[in-house]
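Me: I would like to go through this model with you, piece by piece. Could we begin with the strands?

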Amino acid sequence: MKEDTPTPDSGPAPGGLPTRETVALLSRRRFLSRLSIGLGVACAGIIGVPVVGFVVAPIFRKVAGAWRTVGQLDDWTIGETVSVVFEDPSPLPWAGVTARAAAWMRRDGEESFTAFSAHCTHLGCPVRWMPGAKLFLCPCHGGVYYADGSVAAGPPPLPLFRYDTRVVQGEVQIKVTALPITTTL
Amino acid sequence: MKRTIVSVWSWLDDRLGLSALFGPSLKHLVPRDATWWYVFGSATLAAFIVQVITGVALAFSFVPSSAQAFDTLRFISEEAPFGNFMRGLHYYGASAMVLMVGAHMAQTFLFGAYKYPREMSWSTGVLLLGFTLVMGFTGQLLRWDQTAAWSVVVAAEQAGRVPLIGDWLARFILGGSTLGGATLSRFFAIHVFIVPGLMFAFIGLHLWLVLRHGISDVPVPGKPVHPATYRRDYEAELQRTGVPFWPDGAWRDFVFGTAMILLIAGLALVYGPPPVEMPPDPSILEADPRPDWYLLWYFAVLALIPERMEGVVMILAPVLMGMILLLAPILGSKGERHWSRRPWSIAVVVLTVLMIGSLWIVGSKAPWSPNFEAEPLPPSVIRSTDPLIERGAELFHARACLNCHLIEGLGGRRGPDLTTVADRLNETDLIIRIVNGGTGMPAYGHILQAHEVDALVAFMKTRSRKTLPSSGPIRVDATGPAPP
């Protein structure tokens, strides 16, 4: 390209109206820049859309609850609240100990149980059962819950989350689900 | 020999053009009186470089797997040569970087350096502050011990409070619906690739702005910024009295940066990094998660905000603070720069330091948390052989009263100190309070038997100033249980 070809900024050629060639050249340049930018956007889309999809995929991976055996019926005394350990609903093979979780579970009657999530509804810290006081205490920001999981004191906005329980052929099971998240709206 | 080196260098420099590329930047003129107040920015950069180098080194041995990271942390800390030192450098380097960012912000704010034409220097700096804090938080998570695992849960719960998209954000943070195999690798990618990448880009931009606008001249009272004339005056003054950045200005950056790095290395050698103790097993419920010191103040905020304002403070306040910080230079880009003509700027800095400082102190004591280690009260505190009172003291521990209340320095700080409660409340008041609870106290009415209430009240009634032992100081400030 010659050095003195007009650029889009240089306006009409000296000495009057732009020539037909100048107009053609400018429109050609406009086309070429739009083409290049368009191709760039297309490339970004081709790579970017799957990348974003890959990274945010966990958001949409809905986990169905899974029944997990946490002990035999005979292991429990009626009225006693103990912690039970179980595996997450769908652990990845490389999760290691992070696939484990715990809940507080109480035998209410012959075959009836209540299972509370161990996560404080304030910000998810692990609440501890104080058997003497019949309270759940949170170590982080001072949340306190009564034995039925309702809020006794502190910042928690909701009672402790409960898991479904059942007894199948003498095995005590709870239906483990997603980590309970307290949302505002 | 020397001649050979010189000629090789001249050849290389001619072909590579390094002097032509960096020479003008190094030799650019800076105000003569820009002295020790101006070292914090370069110190932040020095700390960042320490972080990049030690971080890359740690990545040689760290396995970002939810199952194995804890073991590799142990290996790095206990077996790898220089491993503990490397972790220490990375930890104290992070601490230094947070502190230096703070000092740099305070200095540029007090000097009015964010005003015309350096508004974007400030705003890019605010973004870099945000990135630095994100690095601090995600870095603590990569330690992948018990505290790290629970911190991810807390982060997810906090994100969960964002209106409408909270649940999605929480899942994004956890990498699924629970803590697990996907969690750590996400934070590894964020801590090692995404945020450092952004930081390189914004540090580059931030430094380019230093070259484009020059570092700010030392403010003079009564000499306001006029956008119409500022650039011309600045340039004229530089030509008259400026000195080349290299080496006249740069030597101070090197002296201060070296002192900082020596301090980082010294702390890493003497104190070492935070220990790696408990594994990231969410089924271990005896956990007491606390953030590292640079976010401890925010931990205190989360405990202290009134419940009704929680959504506002947790979500809206950080957004608002960020907006105000980002837009601050545009809102006040003209006028006086010297702090003596902007007294409110001193107030802002002092109040910020006081606020974060006091939140730090209260966060480290965490008086809102029950003391789970409370031991039964010793006879020297009970000071009675009356069976009812002894039973009351026993129940005071067994029914978890002591986890939240202090008796002569023993117990928790969640509720009021009951060392001299009998001076404040009579028997009826005591019963009402115990049975019905109060602000922040559970109602014990359906937890205690009537005779247990009697015993507790009998014990409480012995807690008065009159019955305190006169000899020896009363231990009212012990945080933990008393030695036996």
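Me: Which residue is the bridge partner of A:Arg107 in E4(A)?
Reply: In this predicted model, A:Arg107 has A:Phe113 of E4(A) as its bridge partner.

Me: How many bridges join E3(A) and E4(A), and in which sense do they pair?
Reply: Strand E3 (residues 100–107) of chain A pairs with E4(A) over five bridges, in the antiparallel sense. The two strands form a hairpin, with five residues between them.

Me: What about E4(A) itself, is it enclosed or open?
Reply: Strand E4 (residues 113–117) of chain A has four of its five residues buried, so the strand is largely enclosed by the rest of the structure. For E3(A), seven of the eight residues are buried, so E3(A) is also largely enclosed by the rest of the structure.

Me: Which other strand pairs with E4(A) over two bridges?
Reply: That is strand E9 (residues 162–168) of chain A, again in the antiparallel sense. A:Ala115 stands opposite A:Tyr163 of E9(A).

Me: And what does E3(A) pair with over seven bridges?
Reply: Strand E2 (residues 81–87) of chain A pairs with E3(A) in the antiparallel sense over those seven bridges. A:Glu87 has A:Arg100 in E3(A) as its bridge partner.

Me: In what order do the strands of that open sheet run?
Reply: The open sheet has six strands in the order E1-E10-E9-E4-E3-E2 (chain A), and the pairing is antiparallel. Its edge strands are E1 (66–72) and E2 of chain A, each of which pairs on one side only. On average, neighbouring strands of this sheet are turned by 35 degrees against each other, direction ignored.

Me: Where does E10(A) come in, and how many bridges does it share with E9(A)?
Reply: Strand E10 (residues 171–176) of chain A and E9(A) pair over five bridges, in the antiparallel sense. A:Val167 has A:Val172 of E10(A) as its bridge partner.

Me: Then the sheet of four strands: what is its order?
Reply: That open sheet runs E5-E6-E7-E8 (chain A), with antiparallel pairing. Strand E5 (128–130) and strand E8 (151–153) of chain A are at the edges with a single partner strand each, so one side of each is left without a neighbour in the sheet. From one strand to the next, the twist averages 35 degrees.

Me: How many bridges join E7(A) to E8(A)?
Reply: Two bridges join strand E7 (residues 144–146) of chain A to E8(A), and the strands run antiparallel. The bridge partner of A:Tyr145 in E8(A) is A:Val151.

Me: Changing topic to chain B: what is the length of H11(B)?
Reply: Helix H11 (residues 245–270) of chain B has 26 residues and reaches 36 Å from its first C-alpha to its last, close to the 38 Å expected at 1.5 Å a residue.

Me: Where is the kink in H11(B) centred?
Reply: The kink is centred on B:Trp251 and amounts to about 35 degrees. Just after H11(B), B:Gly272 takes a positive phi of about 75 degrees.

Me: Which residues of H11(B) are buried, and what covers them?
Reply: The buried residues are B:Phe245, B:Gly249, B:Gly257, B:Met260, B:Ile264 and B:Ala268. Their cover includes helix H2 (18–27), strand E1 (29–30), helix H3 (40–59), helix H5 (83–110) and strand E2 (243–244) of chain B.

Me: And the largest nonpolar core, which residues have the most contacts inside it?
Reply: That core has 129 residues, and those with the most contacts inside it are A:Ala103, B:Ala47, B:Val152 and B:Ala156. H5(B) supplies the largest share of this core, twelve residues.

Me: What is B:Ala47 in contact with?
Reply: Leaving aside its neighbours within four places in sequence, B:Ala47 is in contact with B:Gly93, B:Ala96, B:Met97, B:Met100 and B:Met260. B:Met260 is one of the buried residues of H11(B).

Me: Last topic: how many residues of each chain are in contact across the two chains?
Reply: 58 residues of chain B are in contact with 50 residues of chain A. Helix H7 (146–160), helix H8 (166–174), helix H9 (181–213), helix H12 (293–304) and helix H13 (310–331) of chain B each supply at least two residues of the side of chain B that touches chain A. H7(B) gives the largest share of that side, eight residues.

How values were computed. Residues are numbered from 1 along each chain as its sequence is written. Chains are lettered from A and ligands numbered from 1 in the order in which they are written. This is a predicted model: local features need pLDDT of at least 70, side-chain atom pairs count only at pLDDT 80 or more; totals for chains, interfaces and linings use all residues. Two strands pair if DSSP finds at least two bridges between them. Axes are lines fitted to C-alpha atoms, for helices over the stretch in contact, and angles run from 0 to 180 degrees between N-to-C directions. A residue is buried if 20 or more other C-beta atoms lie within 10 Å of its own, exposed if 12 or fewer, and partly exposed in between; C-beta atoms are placed from the backbone. The expected span of a helix is 1.5 Å times one less than its number of residues. The bend at a residue is the angle between axes fitted to the seven residues ending there and the seven starting there. Two residues are in contact if their C-beta atoms, placed from the backbone, lie within 7 Å. A nonpolar core is a set of buried Ala, Val, Leu, Ile, Met, Phe, Trp, Tyr and Cys residues joined through C-beta atoms within 7 Å.
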